[in-house]
Amino acid sequence: MSLRTAVIAVVTVAMIAVACGDDDTNDGYSEDIRNAYMDGCTDTQNVAFCECTLNELEERYTQEEFFRFAIEASDQPPQDLIEISLACIGEAEIGG
């Protein structure tokens, strides 16, 4: 899997998740956000990569920050997104 493909996948599913979002941020991302992210991501990537990127995003960003991050990433992927994708590519290759 190329880095470009991974970054595009993460940006795309982040935008889908934002579009499907709600404001429940008490215990991490809402179930709707998590489901939308995983549904969109697993259309083009394996489950291991998708879970890895979602977990990394959730550790680094609140749900509100994630929304802003996804909007910003639609223009130019931030360095954090590239780092997350790189870190998870190995997981994706192992997780199949």
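In this predicted model, C41 and C50 form a disulfide with their sulfur atoms 2.1 Å apart, a disulfide being a pair of cysteine sulfur atoms within 2.5 Å. The torsion about the S-S bond of C41 and C50 is about -90 degrees, so this disulfide is left-handed. C41 counts as buried because its relative accessibility is 0%, and C50 is likewise buried, with a relative accessible area of 0%; here buried denotes under 20% relative accessible area, exposed over 50%, and partly exposed the range in between, with a 1.4 Å probe and protein chains only. Residues are numbered from 1 along each chain as its sequence is written. Because the model is predicted, local features need pLDDT of at least 70 and side-chain atom pairs count only at pLDDT 80 or more, whereas totals for chains, interfaces and linings use all residues, and side-chain values use heavy atoms, with hydrogens and water left out.

A search of the whole structure finds two disulfides, and the other pair consists of C52 and C88, whose sulfur atoms also lie 2.1 Å apart. About the S-S bond of C52 and C88 the torsion is about -75 degrees, so this disulfide, too, is left-handed. The pair links distant parts of the chain, since C52 belongs to helix 3 (residues 47–60) and C88 to helix 5 (residues 79–95), 36 residues apart. With a relative accessibility of 16%, C52 counts as buried, as does C88 at 0%. When the bonded cysteines of the protein are numbered in sequence order, the pairing reads 1-2, 3-4.

The secondary structure of the protein comprises five helices and zero strands, where helices (H or I, at least four residues) and strands (E, at least two) are DSSP runs numbered from the N terminus. From that terminus on, the elements follow the order α-α-α-α-α. Of the 96 residues in the protein, 40% are buried. Among contacts (heavy atoms within 4.5 Å) between residues at least 6 apart in sequence, 70% join residues at least 24 apart.

The axes of helix 2 (residues 31–41) and helix 3 come within 9 Å and cross at roughly 145 degrees; axes are lines fitted to C-alpha atoms, for helices over the stretch in contact, and angles run from 0 to 180 degrees between N-to-C directions. By class, the contact of helix 2 with helix 3 has eight nonpolar, two polar and three charged residues, with Ala, Val, Leu, Ile, Met, Phe, Trp, Tyr, Cys and Pro counted as nonpolar, Asp, Glu, Lys and Arg as charged, and the others, Gly among them, as polar.

Two further residues were considered individually. T62 is located in the loop between helix 3 and helix 4 (63–73) and counts as partly exposed because its relative accessibility is 44%. The C-alpha atoms of T62 and G28 are 6.8 Å apart in space, although these residues are separated by 34 residues in sequence. E83 has its place in helix 5 and, at 36% relative accessibility, counts as partly exposed. Between E83 and T53, which are 30 residues apart in sequence, the C-alpha to C-alpha distance is 10.0 Å.
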